[in-house]
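Here are my notes on the model, point by point. Please read them with the coordinates open.

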Amino acid sequence: MSGSLQTLRQQAWQAFEEKGLPTTRDEDWKYTDLSRIQTLLGEQWWQPAGTGAVAIDMVELPGLDAWRMVFNNGCFDPARSELPPGVTVTTLASLMQDEPAKVIDLLAYQPDAPLSSGLTAANSALAADGACICIPANTRLDKPLYLLHLNSGGTAHLRTGIELGPHAELEVIEHFHGQHSEAGLTNSVTAIRLAAGARCTHYRLQLEAAKQCHSGRVEVSQKADSSYQLHAVELGGMLSRCDVISRLDERGASCELGGLFVATGRQHIDHHTRIEHNAPYCSSRESYRSVLDGRSHGVFNGKIVVAKGAIKTDSAQNNANLLLSPDAAVDTKPELEIYHDDVKCAHGVTVGQLDKNQLFYLKSRGIAEEEAKQLLTVAFADEQLARMNNHSIRRFIERAAFAKLPSITDLEGMLV
């Protein structure tokens, strides 16, 4: 490890020691109590689990044809990976050993960055592996790149960097999957850099095990006429938090953020998003939906910031929440910060139970009440999933999501 990289890691560790875990006294964390992490994993919750030698069953997405990088408890597993030719795809661990100067920018901790926390600092200080992907100009992979992160317990710090050259295209799938009954934490940061005209479609699937926690952060920087599309799905884990920050830094950039949460029992799922319109003629769309049952708790905070000079900004945000239980709860807060005129911005939020008028209509057509409730629940969530162009991922998520809801008994007959 070079002196510069070692210094960076030491500085990040010092920041982590000063900050520690965020608490509910912090405005951005007021609805999310991270003390569960210490309860599950102990005072040294941040300590990485180890070498990744524990055998973990592979997860198969039926019908998915993709290049694959597998990480086992935070460590790259080359035997179960298949890397694409013609592009630069390597691991953080190998770069830190062979070319440490190349990862300094990727691992740098910025304490003043939006939504920065002690978890981010811990990641900068302790991340031992992750994917490093560079797609050259005018290049498009012939099939998606599938990043599978398997966790059998303990803590894993992951740092992933994705860089697309001018007019390059990539479909990337980050899949976080927990197995076994051991308590664990995945602490992941993904940085995506899009050059002019680049296009990135990003699927982020969180299916951690019941006693595991998940902390995620996605940072996207976009140049002129670039396009970023996110499909974030949160199904697993005892506690999950993900921050998404997209910066539209040059004229004509666009982003689309979509998310679906399905939570039961006492699950807690929190997503914070921030879209920064820093240049003129940029557009953004944001749509998040949650289905909450049992005593689960959902949190959504979406902020759109329009900087001075960002004329002709076109931005819209919507958050819809379906509560299937009287004990389920959601805290939602859409926000707009606008520092320039001649822009078009809108936001909306809904929280409620199944629509009684829609139930009455279906029952009047001879559909039993329980089946009518199932149809409406599936339709509500599947409206978000219908935005996915990858059919294999959509079907996998539909089955995983609705299998969590005991009221859904005939899923195959409802899906179109």
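1. The side chains of Asn123 and Arg159 make a polar contact of 2.6 Å. A polar contact here is a pair of N or O atoms within 3.5 Å; within protein, one must be able to donate a hydrogen and the other to accept it, and residues adjacent in sequence count only if both atoms are side-chain atoms. Asn123 sits in helix α5 (residues 118–126). Its relative accessibility is 0%, so Asn123 counts as buried. Buried means under 20% relative accessible area, exposed over 50%, partly exposed in between (1.4 Å probe, protein chains only). Beyond four places in sequence, Asn123 is in contact with Arg9, His157, Leu158, Arg159, Asn187, Ser188 and Val189. Contact means heavy atoms within 4.5 Å.

2. Two notes on provenance. This is a predicted model, in which local features need pLDDT of at least 70 and side-chain atom pairs count only at pLDDT 80 or more, while totals for chains, interfaces and linings use all residues. Residues are numbered from 1 along each chain as its sequence is written, and side-chain values use heavy atoms, with hydrogens and water left out.

3. Helix α5 as a whole: 8 of its 9 residues are buried, so the rest of the structure largely encloses it. Among the buried residues are Gly118, Leu119, Thr120 and Ser124. At the start of α5, a side-chain oxygen of Ser117 comes to within 3.2 Å of the backbone nitrogen of Leu119. Helices (H or I, at least four residues) and strands (E, at least two) are DSSP runs, numbered from the N terminus.

4. Helix α8 (residues 391–402) passes a length check. At 1.5 Å a residue, its 12 residues should span 16 Å, and the end C-alpha atoms are 17 Å apart, which agrees. The expected span is 1.5 Å times one less than the number of residues. The buried set includes Arg394, Arg395 and Glu398, along with Phe396 and Ile397. At the start of α8, a side-chain oxygen of Asn390 lies within 3.2 Å of the backbone nitrogen of Ser392.

5. Thr32 belongs to the loop between α1 (3–19) and α2 (35–41). With a relative accessible area of 0%, Thr32 is buried. Its side chain makes a polar contact of 2.9 Å with that of His268. Neighbours within four places aside, Thr32 is in contact with Thr24, Leu239, His268, Asp270 and Val299. Thr32 and Ser240 are 208 residues apart in sequence, yet 9.1 Å apart in space, C-alpha to C-alpha.

6. Strand β9 (residues 199–207) is mostly covered, with 7 of its 9 residues buried. Strand β7 (residues 169–178) runs parallel to β9, joined by 9 bridges. Leu170 has Cys200 in β9 as its bridge partner. β9 also pairs with strand β11 (residues 227–234), again in the parallel sense, over 8 bridges. There, the bridge partner of Leu205 is Val233 in β11. Two strands pair if DSSP finds at least two bridges between them.

7. Which residues have the most contacts inside the largest nonpolar core? Ile133, Leu164, Leu170 and Tyr228, in a core of 43 residues. Strand β13 (residues 254–263) gives the largest share of this core, 4 residues. Another core lies apart from it, with 35 residues, among them Leu235, Leu354, Leu385 and Ala401. A nonpolar core is a set of buried Ala, Val, Leu, Ile, Met, Phe, Trp, Tyr and Cys residues joined through side-chain atoms within 4.5 Å.

8. Aromatic pairs number 6. Rings of Phe, Tyr and Trp (its six-membered ring) pair if their centres lie within 6.5 Å; planes under 30 degrees apart count as stacked, over 60 as edge-to-face and the rest as tilted. Phe16 and Trp45 form an edge-to-face pair, 5.7 Å centre to centre with 85 degrees between the planes. This pair links distant parts of the chain, 29 residues apart: Phe16 in α1, Trp45 in the loop between α2 and β1 (67–72). Phe16 and Trp45 are both buried. Ring pairs also link Trp13, Phe16, Trp45 and Trp46 into a cluster.
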